[in-house]
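Here are my notes on the model, for you to read alongside the coordinates. Please check each point against the structure.

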Amino acid sequence: MDRKLLLEHIGVEGIQTHDVYRKQGGYKAVEKALKSMSPDDIVEEVKKSGLRGRGGAGFPTGMKWSFIAKPEGVPRHLLCNADESEPGTFKDRYLMEKIPHLLIEGMILSSYALGCNQSYIYIRGEYMYVLQILEKAIAEAYANGWLGKNIKGSGFDLDLAVSTGAGAYICGEETALIESLEGKRGNPRIKPPFPAVKGLWGRPTVVNNVETIAAVVPIVNEGGDAYAQIGIGRSTGTKLISASGNINKPGVYEITMGITVEEFIYSDTYCGGMKNGKKLKACVPGGSSVPILPHYLVCKTAAGEDRLMSYESLSDGGFATGSMLGSGGFIVYDEDQCIVRNTWNFSRFYHHESCGQCSPCREGTGWMEKVLHRLEYGHGKMEDIDLLWDIQRKIEGNTICPLGDAAAWPVAAAIRHFREEFEWHVNEPKLCTTKNYGLVTEKKFEPVNA
Amino acid sequence: MSQENIQFPEDLLQEVGRQIAKFPEGMQKSALLSVLHIAQAHFGHLSEPVMDYVARLLHILPIEVYEVATFYSMYDTKPVGKVKLEVCRTGPCMIEGAEKIVSYIENKLGIKDGETTADGLFTLKTVECLGACGYAPMLQAGEKFHEHLTEAKVDELIEQYRNNPKANYLGL
């Protein structure tokens, strides 16, 4: 039943090259689109497909595309967000490294749909070797007439180039990405105006994640309706999941949306169960910024239903008892892991990555890091737990970009579900530096300090 | 290095030209991040004269270069070793023992996080998530990724780079 739409040919030798990719049916979607579809036809198919942004926010792609302004005589730009840096996420790197032409084909289709003649892939600076793979593939695409002037006699021109970041998580936020691509610091812009109206160089711009753009290829090939048949509810199609942590088989998996979380963790097709026969303690299902789930809310929702790998099911219960699909960065923790330490680690990340523009985020992330550090190292006080709760609440919603929220949510969720473990760190200042708290016991959910 | 000595060789000037050509006329500032990567690889770090040179190449103000060079974590405005060992310390890598790898390297090279060995060969730095969570623990040496690290693998890497420090660059 499992459909592979993106990674179907990943195992084929030489799939990185144009000729092998072409032999496996590559660039058929471009041929079809340029021959028999108008740009609006593609937008329509993408709308019908129900495709939602794969970078984390899950916004419907077709709708995002329909917002692009089309003032006369002003060039528009499509930017591919390959700044993958959400902890726990490494799927875009995998896709670009293994099957670069899929992204290029998606870029051609999406650029055609949006009426862009100059598109860019913005890749994080650390992925320098992936950038070289992409540039090689782009050169092949030019050589074979898929890029450049008058592509395959259609009259459509497209230039595609890769540009690089230099180590800044914030540049995954679309307006920071645009700033960075203009050669500036990655400080997010205040919206509105939205990029669809005023983006790169003040021109109408769409920014989409690597996986989102790649998914346009099967949508054009098979049609939006066929794509929408795959998956469950408003979570259509397949999703790349980056699995890491205490599991037997970490790696990138393409799943059909709607399989159960239990199957994903324990089946040999995917994570292959917990490493060393340990027990599951917690799971962060969508990258470091989404709420952590205690073991009793991972495979089942609070209502006792099976938890599914889908946008809706993973967020079932809201932040009280649910989480988010996010970027699909699926991190699994076993009984030996310390939640306070993990939360401190994530807070340090957000402090390091805050661009410094908004006071609540700049000051708050550092403050949270310090308080969590003293809790973890046995110098914490009971009031610190409430203090953390207070700080995260004052960050959330009070910043220009979502980095503030992303920093607040993991702290809030850790306290919400693992408060006893935080208290144990205060009560056992010596023990907590050498020993692990262990598993949480299932409890009836009560909101903390709500 | 005096100001006169700061000059890219011909092949790198061509590469700078290629980066600028990716953008429409007048938008050459967009190539800044790429050009700074080239400058850092060539000159070792981004000193003030190097940044001024980049500003001249791109016809922008020096301050526009400084503010970018100090914002992004991959740029070094102070001298570093020939090989930067950047160990990922975030979440999944921590679970898989990144801290042990860091202290192993610290002991082996006799330096702490952020320091450079006396011979100027190695700099150790802990960094945030490099997108290799499934293959943890990992480190980046220059432009190369090294995954599934063990102490034995770290030994091998250090030996390899000691013999050939240039091996940490991919080359153009």
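Predicted model: local features only at pLDDT ≥ 70, side-chain atom pairs only at ≥ 80, totals over all residues.

1. Local features are taken at pLDDT of at least 70, and side-chain atom pairs count only at pLDDT 80 or more. Totals for chains, interfaces and linings use all residues.

2. **Nonpolar core.** The largest nonpolar core holds 187 residues. As general background, nonpolar side chains tend to be buried together in soluble globular proteins.

3. **A:Leu103 up close.** Which residues does A:Leu103 contact, apart from its neighbours within four places in sequence? The list is A:Cys80, A:Leu95, A:Met96, A:Val210, A:Ile213 and A:Ala214. A:Val210, A:Ile213 and A:Ala214 are buried residues of α9(A).

4. **Helix α9 of chain A.** This helix covers residues 210–222 and is mostly covered. Eleven of its 13 residues are buried. The buried set includes a charged residue, A:Glu211, and that one deserves a look. A:Thr212 and A:Pro218 are also in the buried set. Just after α9(A), A:Gly223 takes a positive phi of about 95°.

5. **α5 against α7, chain A.** Two packed helices are described by the angle between their axes and the distance between the axes. Here the axes of α5 (residues 91–98) and α7 (residues 128–143) come within 9 Å and cross at roughly 40°. The two helices are therefore oblique to each other. α5(A) passes α7(A) in a left-handed crossing. On the α5(A) side, the contact is made by A:Arg93, A:Met96 and A:Glu97. On the α7(A) side, it is made by A:Val130, A:Ile133 and A:Leu134. By class, that gives four nonpolar, no polar and two charged residues. A:Met96 is also a contact of A:Leu103.

6. **α15 against α16, chain A.** Helices α15 (residues 359–376) and α16 (residues 382–395) pack at about 160°, with their axes 10 Å apart. An angle over 145 degrees counts as roughly antiparallel, so that is how α15(A) runs relative to α16(A). The crossing is left-handed. α15(A) contributes A:Pro360, A:Cys361, A:Gly364, A:Trp367, A:Met368, A:Val371, A:Leu372 and A:Leu375. α16(A) contributes A:Asp384, A:Leu387, A:Leu388, A:Ile391, A:Gln392, A:Lys394 and A:Ile395. The contact has eleven nonpolar, two polar and two charged residues.

7. **Chain B overall.** Chain B has seven helices and four strands. From the N terminus on, the order is α-α-α-α-β-α-α-β-β-β-α. Its C-alpha trace spans about 50 × 35 × 25 Å along the principal axes. Of its 172 residues, 42% count as buried. Among contacts with a separation of 6 or more, 58% join residues 24 or more positions apart.

8. **Interface.** How many residues of chain B are in contact with chain A? The count is 33, against 45 residues of chain A. In chain B, the elements giving two or more residues to this side are α2 (32–43), α4 (62–69) and α5 (91–95). α2(B) gives the largest share, five residues. The chain B side divides into 19 nonpolar, nine polar and five charged residues.

9. **Cis peptide bonds.** The bond from A:Lys191 to A:Pro192 is cis, with omega near -10°. A:Pro192 lies in the loop between α8 (174–181) and β4 (205–209) of chain A. In chain B, a cis bond joins B:Ala136 and B:Pro137, with omega about -10°. B:Pro137 is in the loop between β2 (122–127) and β3 (139–141) of chain B.

10. **Positive phi outside glycine.** A:Asn276 has a positive phi of about 55°. This residue is in the loop between α11 (261–266) and β9 (280–284) of chain A. Is A:Asn276 buried or exposed? A:Asn276 counts as exposed, because 8 C-beta neighbours lie inside 10 Å. B:His59 has phi near 55°, also positive. B:His59 is in the loop between α3 (48–58) and α4 of chain B. B:His59 is exposed too, with 10 other C-beta atoms within 10 Å.

Terms used:
Residues numbered from 1 in each chain as written. Chains lettered and ligands numbered in written order. Core = buried A, V, L, I, M, F, W, Y, C linked by C-beta atoms within 7 Å. Buried ≥ 20, exposed ≤ 12 C-beta atoms within 10 Å, placed from the backbone. Contact = placed C-beta atoms within 7 Å. Axes fitted to C-alpha atoms, helices over the stretch in contact; angles between N-to-C directions. Parallel < 35°, antiparallel > 145°, perpendicular 65-115°, else oblique. Left-handed = near helix turned anticlockwise from the far one by under 90°.
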